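Please look at the model below, and then work through the questions on its surface and its charged pairs.

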Amino acid sequence: MASKVRYTPGKDGLNIEALKNYSQSNSSEKPAQWRELFLVWVLSTLVLLVFLPNILDKLNPVTGDEPFYLVTAISLLQDHDINEANNYANHDYWQFSPSCQEMSQPDWGMVGEIPIKNVPGVLAPGLRDDCDIKSLPLKALSTLPPHNSKGVIRPGMYTKHGLGLSFLIAPAYALGNRPMVVVFIIALTALLGVNLWLLAFEITGKRRVAWITWLIMQFSAPLLCFAFLIFPATPAALFLIYSWRRIRLSVLAQKQGFSEWQPNGPFRAFLIGSSLALLPWLHSLYLSLSIMLFLYWWWGGRSVLRTLWQKVVRKETLAWPAIGPAGWSPLAVAWLLVPLILSGALFCSYYLYYYGSPLPNTQDHAGFAQPTEIPFGLMGLLFDQKYGLLVYCPLYLLALSGLWLLWQRKSDPAETNVRRNDLTWIALVSLPYLLIIADYNQWWGEWCPPARYLVPILPLLAVPLAMALTELNGKFFKAFLGVAGLWTLAASALFMYNPHLMYNWQTAKPAVSILWLEANFDFLTNFHLARLVPSYVTNLDINGKQANWLAALIWLAAAVLVSLWLINSRREEY
């Protein structure tokens, strides 16, 4: 039986040391060292940089929403404003358009459909038209249609996308155009990897589990895909995981009675507050994440259900934090609140000035379906053949199994309380956002890699994933780890080899990765793989444009059965 630390104050000096090690296990492993965290960041960066030349070569020019963040950054740098009318009139987006030499390469941009060819470039709006290349329709593609915002009450042309990412990438763009911006996104992704490693180590106290968790999440879809794309999802994921794990450490210290030890001083408090303040600027939808993270901090991580029970049923008088939670110094509270107050005032003023209302503008989005459509959106986010998380990284089934492990009662009441509190606040932070996304009319994200809208909250799954890797064992667990690991590795390798395969569109054709496999492997040519994987976006031609409910039910049932079998594969010491 593995020994466990029971976090009770005054027992001995080992308890406070165990808490400072951020571990739930009385492990002999040393606390995390700065040099190994630096190693995680360096390894993440170097591996991603290896893939960068191929990404820049194949995904050129930027497509989807990416060019519009760059145009806003150009407006900030050149005009020092956010009115982009002159930038579109002057074709400033040609600054990051492929050069004439690049577009002169053989088969440039001729991606095709079946198979999706692994050739340089992609034909997309915004190409420069001053090149003498007869084989390309440069004149027809020379204009980039702007994503201008609706409902603006000020003269000019303004982007419908959040301003936060453009402000973040502007210095990198000034240093080296689009390539340097992608390097900057890679650096942020590497920082995200450091936080994934740390969170897994803080949960389990095991380096092996931290390294495996980092490998699985850092180098699989969707985090791997968005490491090279100019989207707000990766910075949002970094801000969320950093603030959540730092608040959790403070909550853990208070719950175990170590009020004399506060893991977040003024500097870290400022970083937490800045993370929460920046999230809504990346996308107004991330406001829900900021609000729930702020409640996590302000409420001191208390159990919501227990608090409601005490307040409503037992009619107890509860002490609410006046300014900040217990254990935080007034200086730390001030440093956390200052960026929130300043950013909040600026955020409301921005919308009031440009839209006439202090609330975020809702006219620029696709709208929402009836709440009854939420289950279909949730299933699509997991199982859709073009955009589903588990289709491209089935290893996340371990994380879903780990959610149950967090809820299960342990022999040590203190450990049970910590686990269930983690699960509660993972749910409270992520569920409001997840339900909004599932109800969104375009929950798949349109032209983008899989699981685009899950990226900001995905790092929180490092908690149950690390728990599953720690506590699950047995032949079935090892077999699943091997098969799902190879599946995930193959999908990641395919995306890095031919980045065109990351992108799908809401057509009646199957996923482009399925089409590529059938076109390049003879034994799959007539296998009709697309019939075996559900589609929640459109009814596919291959299914007679009918909903393939059988595949949808089989995938859901298989996921549930595998999760239950994994949960049953417990180590003897647990």
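Helices (H or I, at least four residues) and strands (E, at least two) are DSSP runs, numbered from the N terminus. This is a predicted model, in which local features need pLDDT of at least 70 and side-chain atom pairs count only at pLDDT 80 or more, while totals for chains, interfaces and linings use all residues. Residues are numbered from 1 along each chain as its sequence is written, and side-chain values use heavy atoms, with hydrogens and water left out.

Q: Which helix supplies the largest share of the nonpolar patch?
A: Patches are made of residues with over 30% relative accessible area and no salt bridge, like charges being joined within 9 Å and nonpolar side chains (Val, Leu, Ile, Met, Phe, Trp, Tyr) within 5 Å. F267, F270, L271, L331 and W335 form such a nonpolar patch on the surface, and α10 (266-282) and α13 (330-355) each supply at least two of its residues. The largest share, 3 residues, comes from α10.

Q: Is R452 buried or exposed?
A: The side chain of R452 meets that of D65 in a salt bridge (2.8 Å, N to O), a term that requires a side-chain nitrogen of Lys or Arg within 4 Å of a carboxyl oxygen of Asp or Glu. R452 lies in the loop between α17 (413-439) and α18 (462-471) and D65 in the loop between α2 (34-58) and α3 (66-78), so the pair ties together parts that are 387 residues apart in sequence. Buried means under 20% relative accessible area, exposed over 50%, and partly exposed in between (1.4 Å probe, protein chains only). With a relative accessible area of 12%, R452 is buried.

Key
Areas by Shrake-Rupley, 256 points an atom, 1.4 Å probe, with all protein chains shown as cover.
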